[in-house]
Amino acid sequence: MLSSFSKRLKSKRFSRKSKAMIRPTFVGAIDQGTTSSRFLIFNQRGEVVATHQLEFAQHYPHPGWHEHDPEELVSSVETCVDGAVVEFEKQGHNREQIVAVGITNQRETTVVWDKTTGKALHNAIVWTDARSQELVRKLKHRIGASELISRCGLPLSTYPSVSKLLWLLENVTEVKEAYERGTLAFGTVDSWLTYKLNGGTARNIHVTDPSNASRTMFMNLESLKYDADLIDWFRLDRSKINLPNIVPSSDTEAYGSLATTSLKGTKITGCLGDQSAALVGQKGFTAGLAKNTYGTGCFLLYNVGPKPVISTHGLLTTVAFDFGEGKRMYALEGSIAVAGSSVKFLVDNFGFIESSSKLSALAEEVEDNGGCTFVTAFSGLFAPYWIDDARGTIFGITAYTQRGHIARATLEATCFQTQAILRAMEKDSGKPLTELLVDGGMCNSDLIMQTQSDFTGIKVNRPGMRETTALGAAIAAGLAVGVWNSFEDLENVNNEGRTFFKPQISEQEASKKFARWEKAVQMSKGWLNDE
Ligand SMILES: Nc1ncnc2c1ncn2[C@@H]1O[C@H](COP(=O)(O)OP(=O)(O)O)[C@@H](O)[C@H]1O
Ligand SMILES: O=P(O)(O)OC[C@H](O)CO
């Protein structure tokens, strides 16, 4: 089957000549993240012309649990679309100039609904949620557990969607009943949003793209189709569960169109998990390029080319993007569960600072971490360690410790874990990385980016326009409808205002610091062993 991108390349309708005669076109991007939803409108140069953002409620019903209200995810997106369109039209544009919309989303977060009513059957279980720890511990003893990664790219842990779905099936009567009736629909946030924004049961559009499907443990990495052996291994009955159809990340038909917002009728033509979208937004189209996104969590994606590479050093393998024949790439991924959320924790739980943007100033009140190391394992430690039973631990506190030392230890935690991931990536790929492209909320801090460059010994490259995740979704959508015809068309997009951070400490000093971090990681293990 030809992807819509390839089909469109053959279509005269989208030729450069006809485009030159019409008004400028724009592409919208829905960015549904862990802490906020956004809608951004981009012009063909990849510049943001209008935007609207809304935070929504985080629910933590028990320690280690984390939920979102699925209806609030949808309504926050709708509000953002409407808000940005108002701003866009105030500038003299017309909403019809927005020719397509892309969706990007927090990955793994699991939504279940009844396909006959279109109603969610439980709160969304967020990717950070660790409630399935016991269930996962048992699964790890099942024969074949260690081989799953070679098929789907992910190791067993509380992180992928499957562990959340299995927990729901074991613990929530409504979910179990819908499963027995055959009406249970499962989806990651992209599927849920697409379904609802298309009007729910009215059109019943139930789809996902490979970058999102590769976070479930149900998809075969080579075929990009559901793998019957994987589904059997989890003892799920495929005839009782409605899984979203896996379609290319850029497609003119499969994702339908917006039915519930002021952009009624505008086609959804792109879909990417947020970390894949950031790689695309950074134009990481070729093997050897890597980006690190410092959002709620932090995720390093290294483009390994058109064939998946399975890690033997604690990394994940994921579909980077699937834009059709010859335009499918895979990535090695290092996932850090806690990054910006540790900064938010200092703001919300301890009142150390009034907002995240003040973290650097507090950290700069002191010269160093004063001997403190903070292992921010709020829901266990992800890559490259995968320690489910660790919890957040601060080592080295003395009567000398000030708030500034804790602030420094907090920001260093993400930089150290990134360093550990880069070491693992070097071992898996055999090639040292020479430059790291960065984005996400935490990269606004110069101190954090300098620390990152110091620890890893490589250049950190920060773009001026940092909404790269949304830009990636817009690119996926725009490629489908001819706003851009090829990757070459994107050559001049998002090049301006770059800042480079170069290492300022010696390799020896960096290694000494890293050894202390590794010691702290080992000491944080097993905290929950006796529960
Ligand atoms: N200047 C800053 N210094 C440190 N952390 C920051 C700064 N600005 C934002 N953050 C952190 O970045 C995170 C938000 O980043 P964002 O990329 O919007 O995340 P997400 O997409 O996961 O919602 C928040 O957790 C916040 O604490
Ligand atoms: O919300 P973010 O940007 O931290 O991203 C969440 C990830 O997609 C989870 O895998």
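Predicted model: local features only at pLDDT ≥ 70, side-chain atom pairs only at ≥ 80, totals over all residues.
Strands here are DSSP runs of E with at least two residues, helices are runs of H or I with at least four, and both are numbered from the N terminus. With a relative accessible area of 0%, Asn-105 is buried, a term that stands for under 20% relative accessible area, while exposed means over 50% and partly exposed the range in between (1.4 Å probe, protein chains only). Beyond its neighbours within four places in sequence, Asn-105 is in contact with Gln-32, Val-189, Asp-190, Asn-212, Leu-272, Gly-273 and Asp-274, where contact means heavy atoms within 4.5 Å.

An open sheet of five strands, with mixed pairing, runs in the order S3-S2-S1-S5-S12; two strands pair if DSSP finds at least two bridges between them. Strand S3 (48–55) and strand S12 (268–273) each have a single partner strand and stand at the edges, so one side of each is left without a neighbour in the sheet. On average, neighbouring strands of this sheet are turned by 15° against each other, direction ignored. Strand S2 (residues 36–42) pairs with S3 in the antiparallel sense over seven bridges, and Ile-41 stands opposite Ala-50 in S3. Between S5 and S12 the pairing is parallel, over five bridges, with Thr-104 opposite Leu-272 in S12. Although S12 is an edge strand, six of its six residues are buried, so S12 is largely enclosed by the rest of the structure.

Several helices complete the picture. Helix H16 (residues 468–481) lies across strand S1 (26–32), S2, S5 and S12, and runs at about 135° to S5. Angles run from 0 to 180 degrees between N-to-C directions, with axes fitted to C-alpha atoms, for helices over the stretch in contact. Just after H8, Gly-199 takes a positive phi of about 100°.

Helix H6 (residues 161–171) and helix H7 (residues 173–181) pack with their axes 6 Å apart, at an angle of about 95°. H6 and H7 are therefore roughly perpendicular to each other, the name for angles of 65 to 115 degrees; those under 35 count as roughly parallel, those over 145 as roughly antiparallel and the rest as oblique. Leu-168, Leu-169 and Asn-171 of H6 meet Thr-173, Val-175, Lys-176 and Tyr-179 of H7 in this contact.

For Cys-271, the nearest cysteine sulfur is that of Cys-80, 17 Å away, and Cys-271 is buried at 1% relative accessible area. For Cys-298, the nearest cysteine sulfur belongs to Cys-415, 8.2 Å away; Cys-298 is buried too, with a value of 0%.

Key: Residues numbered from 1 in each chain as written. Chains lettered and ligands numbered in written order. Heavy atoms only, no water. Disulfide = S-S within 2.5 Å.
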